[in-house]
Amino acid sequence: MSEWLECIACAHRYDELEVRYVCDACGGLLSLERDTFLDRNSFDDRRTSWAPIDQSGVWRFREAVVNLDRVITHPEGATRLYEREGLFFKHEGENPTGSFKDRGMTVAVTQAVRVGATAVACASTGNTSASLAAYAAQAKLPAIVFVPTGKVASGKLAQTLAYGATVLQVRGDFDDAMRLVREACDKLGIYLVNSINPFRIEGQKTILWELFQDLQWEAPDWIVVPAGNLGNTSAFGKAIREAFANGWIAKVPRLASIQAHGANPFFRGYRESFATRHRMSAETIASAIRIGDPVSWDKAVPAIRDTRGVVEEVTDDEIMSAKRAIDGMGIGCEPASAATLAGVRKLRASGVMKDGEQIVCVLTGNILKDPEANYRPENVREIDATVDAVEKVIPKP
Ligand code: F0G
């Protein structure tokens, strides 16, 4: 079996051990491709294996991710699927560092070690940096993260620092940090692990493969995902394409990518059939997806087109109302993840999603990532230390 990097625009091929993120010939994004796959039964067999590599919800699919046996794994993945109030929630916030990023990071850091990288870096709204910091620590590689000053939720920053990464607070927004890290990595020979790195995408495909497995390989009607830098939307498109081409699933589920209204360049593009690539200055309470110039745009467009997918936008109020609903189910997530339920509410109201359709929301981050977003002052009471005082404030049946 062989694997290679291929330009999604001009199909030029490169060796998979080359350190590169875009095509030399045309500047297009690169994708990891291969010529053979396994039968899905072997993936099912591994679910009951004792080996850490098989217990990883990423490496269980290794022949279709990167075909390696020696990997930097926590292990990650193997997250739960919850059914609540007629909807399904795949909780990627149950990964080791509390977000779906671990699925891509185990692969990218494994590749970093494989190509002999001496340092790794990313730009981040917080979750990628926490994940990178953890996997770099495990691989004993120095990690440098570029974050927009003052725009990262405190749980994410605390994690990133605790795992030992060097944090560069960039004066500017995420898109400025992204531009800077790309240039710095090129000039300084640092290995870049943002989702422009095709190995990240390979790992993130397994969110859907594991979901299909959870559903005994019956694809749902809809898969709903929050969209920022568009790495996940791109990975989901590839995951569905490959699962269908290999006969692992018999039907193509539809993708719904949900953006925050104040950070909606992809939604703007979708409204005009992706005639132009939009860029904007982004603002939203969901800091994870406060992104105005998504790098994986060119991979995300076919992901939507090939799945008869849709892109929707939701307001910050709609996001926070959906978050309270998800938290109130006892599941919980960070604001960006709640964009999924907010999107479902809107798409049901407009008739795009129909009664009886099976819908899976992918919750991308843990409830503790953004502690400020959890504070509900109406639920807090300060009292004297007496039973009388307790009786006065407890809710009446
Ligand atoms: N949800 C969460 C919790 C995220 O952290 C991100 C992205 C997304 C959704 C959007 O995913 O970028 O693949 O479209 N966070 C990145 C980061 C940008 O740096 O942690 P995407």
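## Packing of helices α3 and α4

Helix α3 (residues 101–114) and helix α4 (residues 127–139) have axes that come within 9 Å of each other and cross at roughly 40°. The crossing of the two helices is right-handed. These values come from a predicted model.

On the α3 side, the contact is made by K101, D102, M105, T106, V109 and V113. On the α4 side, the contributing residues are N127, T128, S131, L132, Y135 and A139. Sorted by class, the contact of α3 with α4 comprises six nonpolar, four polar and two charged residues.

## The four-stranded sheet

The model also contains an open sheet of four strands, arranged in the order β8-β7-β6-β9 with parallel pairing. Strands β8 (166–170) and β9 (191–192) stand at the edges; each has a single partner strand, so one side of each lacks a neighbour in the sheet.

Strand β7 (residues 143–148) runs parallel to β8, and five bridges join the two. Within this pair, V145 has V167 of β8 as its bridge partner.

## Helix α6 on the sheet

Helix α6 (residues 174–188) packs on this sheet and touches β6 (120–123), β7, β8 and β9. The direction of α6 makes about 155° with that of β6.

Key
Residues are numbered from 1 along each chain as its sequence is written. This is a predicted model: local features need pLDDT of at least 70, side-chain atom pairs count only at pLDDT 80 or more; totals for chains, interfaces and linings use all residues. Side-chain values use heavy atoms; hydrogens and water are left out. Two strands pair if DSSP finds at least two bridges between them. Contact means heavy atoms within 4.5 Å. Axes are lines fitted to C-alpha atoms, for helices over the stretch in contact, and angles run from 0 to 180 degrees between N-to-C directions. A crossing is left-handed if the near helix is turned anticlockwise from the far one by less than a right angle, and right-handed if clockwise. Ala, Val, Leu, Ile, Met, Phe, Trp, Tyr, Cys and Pro count as nonpolar, Asp, Glu, Lys and Arg as charged, and the others, Gly among them, as polar.
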